Amino acid sequence: MKNNNKFLYCAGLTILWFFSAFSYASNQVQSIRIWPSPDNTRVVLDLSAAPQYKSFSLDSPDRLVIDLSNIAGGGALPKIDGESQLIKAIRSSGDNNSMRIVLDLTSKVKPTVFSLTPTAPYGHRLVIDLPDKQRTESRPPPSIRAARDIIIAIDAGHGGEDPGSIGPSGIFEKNLTLPIANRLAELINKEPGMRAVMVRTGDYFIHVNRRTEVARGQQADLLVSIHADAFTSPQPKGASVWVLSLRRATTEVGRMLEQTERHSELLGGVAEIIRDSANERYLAQTVLDLSMNHSMVTAYQAANQVLAELGKITSLHQAKPQAASLGVLKSPDIPSILVEVGFISNPKEEKQLKSASHQARLAQSLHRALKRHFELAPPADSLFAQQRAREHKVQAGESLSLLAQRYDVSVDALRSHNQLANDSIRIGQVLRIP
Ligand SMILES: [Zn+2]
């Protein structure tokens, strides 16, 4: 009897062990992705189920330890994608039921560890954010010059962990916005008196608040955020331009946009949202500031120019600037516009948006529109303002050839610079001198 009992006890333990090893430890680390960005490194563990984890830091040498429980795989690491200067090595150990992952770090950082639930195309994830020691909060202001460049911050929507909308053929919004942004930056940087600053330079996640911080740090005159739209049905098409509204959006697409963009913030930014609650309060206070009005008016004017140009190369979903309450537009001091270059959910437009030639056309339109906007309303200390000073108001008795002589330019140059069809000018007409 006694022996029998012992046997049963042992069998019971074996069964318990069996279940804990094989039925509970069903979670698995499937892959590890390292996404370096200029001021943050994100390490993502892709898992087959929601992770159970603990994490702590150790110093000399600096390490981050992640203990995962109920995990199979015997402590073996999957393939690691990417690398970062912050991480010397990633080691692991474990048994049938647990795994310890150690990140050997090159410097002391304050990591943030959090889990994310599945969102296409990704499944369960454990995210480790390692901020770089010195965040480039703001660069020293550009040296005082007689006439400064107009600075355009270009924000390629989404990135990294956040793919944005996904087209019917499987293309990610984040992969369309970056090449358009890059081409636009190239064109702006060729323009005397204008300079582009890229908010995102590669495939990594940036929180929406950080995007406006980058623009502010660079003292941008305008923030242009580039996106592609999506809707639940394939029919909607065309480009639209969004400006900040202090009220909620009124159209169905607008409401959905507010929702998906907020969703994107949450997709990769759980930790940042918690950390930025002070910033939110600051925003709530300054939202009523007068500077906001100036930013909103400027943004509205720029948005109109962008629509005028985009309308020449693509259909417009809305002919007037649309107003929504979107995170990237909420900067109180920097005029900000959000350009939806088309609907990625429309199969025809998705195909178009993928093509390099259409991307180039979009960038050219945006460039022309922004240039035109700042020609009409240049910041006072800019080169554009200085050039604008070379204007002439036609007086009685003046002809095009007389003015060409006076300003030492050719009649042809004067004509083409002012887009004149012929040589007749009228009294009071304002001519720009090339
Ligand atoms: Zn988007």
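The model is predicted: local features need pLDDT of at least 70, side-chain atom pairs count only at pLDDT 80 or more, and totals for chains, interfaces and linings use all residues. Residues are numbered from 1 along each chain as its sequence is written, and side-chain values use heavy atoms, with hydrogens and water left out.

**The chain**

- The chain has 11 helices and 17 strands. Both are DSSP runs numbered from the N terminus: helices are H or I with at least four residues, strands are E with at least two.
- Of the 434 residues, 47% are buried. Buried means under 20% relative accessible area, exposed means over 50%, and partly exposed lies in between, using a 1.4 Å probe and protein chains only.
- Among contacts with a separation of 6 or more, 70% join residues 24 or more positions apart. A contact means heavy atoms within 4.5 Å.

**The largest pocket**

- Rolling a probe the size of a water molecule over the atoms shows where empty space is left.
- The largest pocket holds about 740 Å³ of space. A pocket is an open set of points on a 1 Å grid over the protein atoms alone, where a 1.4 Å probe fits, with protein on both sides within 12 Å along at least five of seven lines; lining residues have an atom within 4 Å of a point. Points are joined across faces, edges and corners, and the volume is the space filled by probe spheres set on them.
- The lining has 23 residues, and Lys371, Arg372, Glu375, His417 and Arg432 are the closest to the pocket centre.
- Two or more lining residues come from each of α6 (290–313), α8 (356–376), α9 (383–388), α11 (411–417) and β17 (430–432). Helix α8 gives the most, with 6 residues.
- By class, the lining has 11 charged, 6 polar and 6 nonpolar residues. Asp, Glu, Lys and Arg count as charged; Ala, Val, Leu, Ile, Met, Phe, Trp, Tyr, Cys and Pro count as nonpolar; the others, Gly among them, count as polar.
- Domain 2 (150–376) and domain 3 (390–432) each supply at least three lining residues. These bounds come from an automatic or database domain assignment.

- Glu161 sits in the loop between β10 (150–156) and α2 (173–190). Its relative accessible area is 1%, so Glu161 counts as buried.
- The Glu161 side chain makes polar contacts with the side chains of Arg125, at 2.5 Å, and Arg33, at 3.3 Å. A polar contact is a pair of N or O atoms within 3.5 Å; within protein, one must be able to donate a hydrogen and the other to accept it, and residues adjacent in sequence count only if both atoms are side-chain atoms.
- Leaving out residues up to four places away in sequence, Glu161 also touches others, including Trp35, Tyr122 and Phe205.
- Asp104 lies in strand β7 (residues 98–105). Asp104 is buried too, at 15% relative accessible area.

- Most residues other than glycine have a negative phi, and most peptide bonds are trans.
- Ser60 and Pro61 are joined by a cis peptide bond, with omega about -10°. Pro61 lies in the loop between β3 (52–58) and β4 (63–69).
- Ser60 has a positive phi, near 35°. Ser60 is exposed, at 67% relative accessibility.
- Gln219 also has a positive phi, about 50°. Gln219 is in the loop between α3 (208–217) and β12 (222–229), and is partly exposed at 41%.
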